[in-house]
Amino acid sequence: MALRRIAAACHSARAFASILKTPPMSLEQCRIIDLPKISDPRGNLTFIEGSRHVPFDIRRVYYLYDVPGGAERGGHAHKGLHQLIIAMSGSFDIVLDDGREKKRIHLCRSYHGLYVCPMIWREMDNFSSGSVCMVLASNLYDEEDYYRNYEDFVAALPAS
Ligand code: TYD
């Protein structure tokens with residue numbers, strides 16, 4: 001049991017170290033984090049422990065639900081916020097854009113969290129009926145942390 005705990009801690013440490021080694025604020029930093037899944041014939045269980053499974057301290061949780069068919073969410077970037085986005089139920093797509101390249105990611109598993117670092121423009125669409133999107137965030141809500149205009153976001157990116 002202790003060995004399993006040590007192995008899990010090493011896995012998390014390696015995963016977080018690889019995030020820290022990649023260039024800041026780029027799509028390379030955004031990745032799917034495999035969350036623990038306790039399979040059980042009575043129903044599966046996933047848990048998330050701050051600092052262990054998520055590479056930031058969790059200060060806020062919010063969720064999108066009752067999303068009508070064809071709706072689009074997001075359409076902004078955050079200056080300093082780190083997020084982990086999870087399809088708790090159903091599925092949806094997220095398009096991530098660091099100003100240089102874009103990547104479309106389909107989320108459909110409640111044991112997969114998409115880590116999104118600061119300064120990534122995101123758009124969300126293709127929500128399935130009844131889907132629920134939960135977001136763990138590194139800070140409290142602050143409108144000042146948003147870029148809601150794409151040109152402003154691109155202008156704020158460091159020159160490469
Ligand atoms: P927004 O972040 O634009 O939602 P999405 O990216 O999912 O499309 O937020 C929508 C509205 O909700 C906006 O008026 C701000 C408000 N809001 C809060 O008050 N607190 C929060 O934690 C969040 C995420 C949004």
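1. Ala-77 has Tyr-147 of β12 as its bridge partner, and β12 pairs with β5 in the antiparallel sense over 2 bridges. Strands here are DSSP runs of E with at least two residues, numbered from the N terminus, and two strands count as paired if DSSP finds at least two bridges between them.

2. Two remarks on how to read this note come next. This is a predicted model, in which local features need pLDDT of at least 70 and side-chain atom pairs count only at pLDDT 80 or more, while totals for chains, interfaces and linings use all residues. Residues are numbered from 1 along each chain as its sequence is written.

3. The pair β5 and β12 belongs to an open sheet of 5 strands, whose order is β8-β7-β10-β5-β12 and whose pairing is antiparallel. At its edges stand β8 (102-107) and β12 (146-147), each of which pairs on one side only.

4. Another open sheet of 5 strands, also with antiparallel pairing, runs in the order β1-β9-β6-β11-β4. Its edge strands are β1 (31-34) and β4, each pairing on one side only, and the twist from one strand to the next averages 30°, the axes being lines fitted to C-alpha atoms and the angles running from 0 to 180 degrees between N-to-C directions. Within this sheet, β4 and β11 run antiparallel and are joined by 5 bridges, with Leu-64 standing opposite Cys-133 in β11.

5. Leu-64 is also one of the residues around the ligand, together with Arg-60, Tyr-62, Arg-73, Gly-74, His-76 and Tyr-141; a residue is taken as near the molecule if its C-beta atom, placed from the backbone, lies within 6 Å of it. The elements giving two or more residues to this shell are β4 (60-64) and β5 (73-78). By class, the shell divides into 3 nonpolar, 2 polar and 2 charged residues, where Tyr and Leu count as nonpolar, Arg as charged, and Gly as polar.

6. The largest nonpolar core has 25 residues, of which Cys-30, Leu-84, Ile-85, Phe-92, Val-116 and Ile-120 touch the most other members. Such a core is a set of buried Ala, Val, Leu, Ile, Met, Phe, Trp, Tyr and Cys residues joined through C-beta atoms within 7 Å, buried meaning that 20 or more other C-beta atoms lie within 10 Å of a residue's own. Its largest share, 4 residues, comes from β6.

7. Leu-84, leaving aside neighbours within four places in sequence, is in contact (C-beta atoms within 7 Å) with Ile-33, Val-54, Gly-113, Leu-114, Tyr-115 and Leu-136.

Terms used:
Buried ≥ 20, exposed ≤ 12 C-beta atoms within 10 Å, placed from the backbone. Contact = placed C-beta atoms within 7 Å.
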